[in-house]
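Below are my notes on the model, as numbered points. Please read them alongside the coordinates.

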Amino acid sequence: MSKAGFAIFTWALVTGMAMAESSLTTWQAIGMSLLVYAGSAQLAALPLMAGDFPFWTIFLTAAVVNLRFVIFSAGLQPFFKDRTLWKRSILGYMNGDLTFALLMSRYSQYRADPSHLPFFLGMSLTNWTIWQTGSLIGIFLAGAVPDAWGLGFAGTLALIAILLPMLDGLSMRLAAITALVVALAANDLPYKLSIVLAVLAAIVVGIASDRLFRQRKGVS
């Protein structure tokens with residue numbers, strides 16, 4: 001969890017610094033950090049806001065970047081489908097990339113288990129607190145953190161170190177390689193569509209390869 005906390009904190013710090021150095025006021029940056037809670041969408045929207053783009057363009061860009069959370073929500077639906085709408089809305093707001101990955105790693109298949117909710121809440125509340133702390137520090141101390149520290153790259157390395165041990169099956173490894181190849185191939189697409197395409201391709205390859213391996217085991 002210490003590696004995860006470091007990765008989340010560094011990305012939040014970088015995002016907070018980017019907001020502080022943008023056209024936003026301090027209070028606007030704080031509001032964006034608390035309300036949006038999505039680093040990639042924030043970073044994608046900032047240059048558009050600085051360029052005085054129309055609201056619908058900024059909104060659409062953020063929505064496209066966050067399309068992966070629609071996929072994540074479909075994965076979480078079996079676990080929390082019995083909760084009321086307002087509770088599911090809060091759980092959706094608290095969800096994040098790493099939270100979803102760790103939950104699905106622990107519960108690869110849905111089963112009636114009351115530990116789903118406390119496990120999710122424990123992770124999501126911890127991650128939210130770390131993120132907001134790093135983001136607020138970045139907002140208030142942007143000028144004091146030199147670019148030479150390479151915090152964004154350090155956060156990326158930490159995330160890789162966390163995710164690699166989760167690839168404990170051939171299907172998951174193939175899905176990860178597919179996501180990598182698609183993300184690199186589609187890197188020049190606008191609105192960070194490469195992220196969405198990489199997630200979709202990884203899901204398709206992961207499901208298809210998992211079914212194929214199961215069929216082969218059944219035949220043998």
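1. Leu-174 counts as partly exposed because its relative accessibility is 33%; buried means under 20% relative accessible area, exposed over 50%, and partly exposed in between, with a 1.4 Å probe and protein chains only. Leu-174 belongs to helix H10, where helices (H or I, at least four residues) and strands (E, at least two) are DSSP runs numbered from the N terminus.

2. Residues are numbered from 1 along each chain as its sequence is written, and side-chain values use heavy atoms, with hydrogens and water left out.

3. The mean pLDDT (the predictor's confidence in each residue, from 0 to 100) of the protein chain is 80, and 83% of its residues reach 70 or more. Confidence is highest in helix H2 (residues 26–36), at 91, and lowest in helix H9 (residues 151–163), at a mean of 56. Where pLDDT is low, the predicted coordinates should not be read in detail.

4. The protein chain has 11 helices and zero strands. Of its 220 residues, 36% are buried.

5. Helix H10 covers residues 170–185 and also holds Leu-184. Leu-184 counts as exposed because its relative accessibility is 62%. Together with Ile-177, Leu-180 and Val-181, Leu-184 makes a nonpolar surface patch of about 410 Å². Patches are made of residues with over 30% relative accessible area and no salt bridge; like charges are joined within 9 Å, nonpolar side chains (Val, Leu, Ile, Met, Phe, Trp, Tyr) within 5 Å. A salt bridge is a side-chain nitrogen of Lys or Arg within 4 Å of a carboxyl oxygen of Asp or Glu. The areas come from the Shrake-Rupley method with a 1.4 Å probe, and for residues only the protein chains shown count as cover.

6. What do the end C-alpha atoms of helix H5 say about its span? They are 18 Å apart, which agrees with the 18 Å that 13 residues (68–80) should span at 1.5 Å a residue; the expected span is 1.5 Å times one less than the number of residues.

7. The buried residues of H5 include Arg-68, Ile-71 and Leu-76. Phe-79, also in H5, counts as buried because its relative accessibility is 10%. Phe-79 and Phe-120 are 41 residues apart in sequence, and their C-alpha atoms are 10.0 Å apart in space.

8. Tyr-37 sits in the loop between H2 and helix H3 (39–50), and its phi is near 50 degrees, a positive value in a residue other than glycine. Most residues other than glycine have a negative phi. Tyr-37 is buried, with a relative accessible area of 12%. The C-alpha atoms of Tyr-37 and Tyr-93 are separated by 7.7 Å, at 56 residues apart along the chain. Tyr-93 is in helix H6 (residues 85–94) and is partly exposed, with a relative accessible area of 29%.
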